[in-house]
Amino acid sequence: MKITAIEYFRLDMPLAIPYKIAYETVSKTSNIILKLTTDTGPTGWGCAAPDPEVTGETAEDVIQNIESILIGLLKNQSPFQIARINHELKKLCPKASSTMAMVDIALYDIMARKARLPLYQLLGGYRSEIPTSITIGILSLKETIEQASYYLKKGFSIIKLKGGLHIEEDIEKILKLRERYGDAFLLRFDANQGYTHEETIEFINKTQSANIEIFEQPTKLKKEEQLDETSQNIGVPIMADESMKTLKDAFRMANNDLIDMVNIKVMKVGGITEAKHINSVAKASGMEVMVGCIDECSLGISAGLHFALSRPNIEFADLDGHLDLLEDPFTDLFQLKKGILYPSKAYGLGKITL
């Protein structure tokens, strides 16, 4: 089997409701969709969700990589040579993780379609469903309460609250959510690098009664030692996100016992292959794992979902990045019912009709 055609198109998708996190406000996103056609039938689909802060790329960078590198690299090659293609891509696009993810996803999609299996079964098939959190950005207290009410009525059982700008406001929101809705849902908090070590300790001490399940990336990326200081001094699991982008990052954090959990995002780390390596490091070191996402259309979310379902030590998911995207052309790749994600029974990433 050989790849005979490489096609792509760009999706510019506005968000139904812009959201705010500690370092930016997001109102739209761009994804690049890759289609790889083979000479014997199976077609593979991949998605890139470039983000200058997370993946180090823009949409224009991804397109440039396709036209100047990927077409020449992939044309007339076997799609099953995933290791070789990824090795070459790392040399040619060393700081373009969503470009690498896009290719890697498409190759796995071809393989699963050839095997006539849903991708998660090809990857390991440990489970067939996983609950996801739903994220509430930085809003006023009133708006936060209203959004939480809306999502809880929709059946979500895990709320992830963004913060990191004003610690007292964050504390008030956490306590009010518990006061208003009790313990019927799990509560996670993401400071997106917005706190100092001292503020992190203060936040945890003042929200102890709220039983926060996961505290994500409280301190700055460039002050990694604060993650260690924090994780050693509080009872809430600390999860690395921005600090964990590569396999080397995962090894360093595990070797130095810096954190309790890692957030593996397929776009951030450069694909499913690299995600599997990072997950193995996490498993060996006893770190818990969540599969997360950025602003990805349903195709990208589907890739994250299939990876999350494939491994027994991946117990957490934050795969809601598609929910507020308008003009997403991919439908029926998976189902979301009362906060639980279910993969399609179709081959690969699911049935694609455009």
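The legends below describe an overall view and several close-up views of one predicted protein model.

Residues are numbered from 1 along each chain as its sequence is written. In this predicted model, local features need pLDDT of at least 70 and side-chain atom pairs count only at pLDDT 80 or more, while totals for chains, interfaces and linings use all residues; side-chain values use heavy atoms, with hydrogens and water left out.

**Figure 1. Overall view of the protein, with its 12 helices and 14 strands.** Helices (H or I, at least four residues) and strands (E, at least two) are DSSP runs, numbered from the N terminus. The C-alpha trace spans about 60 × 40 × 35 Å along its principal axes. A compact globule of 354 residues would have a radius of gyration near 20 Å, and the value for the protein, 20 Å, agrees with this. The radius is taken over C-alpha atoms, and the globule rule is 2.2 Å times the number of residues to the power 0.38. Of the contacts between residues at least 6 apart in sequence, 73% join residues at least 24 apart, where contact means heavy atoms within 4.5 Å.

Figure 2. Of the 354 residues, 56% count as buried. Buried means under 20% relative accessible area, exposed means over 50%, and partly exposed lies in between (1.4 Å probe, protein chains only). The protein exposes about 14700 Å², of which carbon and sulfur atoms supply 49%. Accessible areas come from the Shrake-Rupley method with a 1.4 Å probe, and for residues only the protein chains shown count as cover. The mean positions of the 40 positive and 48 negative charges are 7 Å apart. Lys and Arg count as positive and Asp and Glu as negative, whereas His and the chain ends are not counted; each charge is placed at NZ of Lys, CZ of Arg, CG of Asp or CD of Glu.

**Figure 3. The open sheet of 3 strands, in the order β4-β14-β13.** The pairing in this sheet is antiparallel. Two strands pair if DSSP finds at least two bridges between them. The edge strands, β4 (130-131) and β13 (334-337), each pair on one side only. Strand β14 (residues 340-343) is joined to β4 over 2 bridges, and proline 131 stands opposite isoleucine 340 of β14. Between β13 and β14 there are 4 bridges, and lysine 337 has isoleucine 340 as its bridge partner.

Figure 4. Most residues other than glycine have a negative phi. In the hairpin, 2 residues lie between the strands, and lysine 338 takes a positive phi near 50°. Glutamate 327 has a positive phi near 65° and lies in the loop between β12 (314-317) and β13. Aspartate 332, also not a glycine, has a positive phi of about 65° and is found in the loop between β12 and β13. Glutamate 327 is exposed, with a relative accessible area of 60%, and aspartate 332 is exposed at 65%.

**Figure 5. Strand β10 (residues 261-265), enclosed by the rest of the structure.** This strand is largely enclosed because 5 of its 5 residues are buried. On one side stand Met261, Asn263 and Lys265, and on the other Val262 and Ile264; both faces are covered. Strand β9 (residues 238-240) runs parallel to β10 and is joined to it by 2 bridges. Alanine 240 has valine 262 of β10 as its bridge partner.

Figure 6. Leucine 92 is 99 residues from alanine 191 in sequence and 34 Å from it in space, C-alpha to C-alpha.

**Figure 7. Two exposed residues, glycine 286 and threonine 25.** Glycine 286 is in the loop between α11 (272-285) and β11 (288-292), and its relative accessibility is 57%. Its C-alpha atom is separated by 29 Å from that of leucine 349, 63 residues away along the chain. Threonine 25 belongs to strand β2 (residues 25-38) and has a relative accessible area of 53%. Apart from neighbours within four places in sequence, threonine 25 is in contact with Tyr19 and Lys20. The C-alpha atoms of threonine 25 and isoleucine 352 are 31 Å apart, with 327 residues separating them along the chain.
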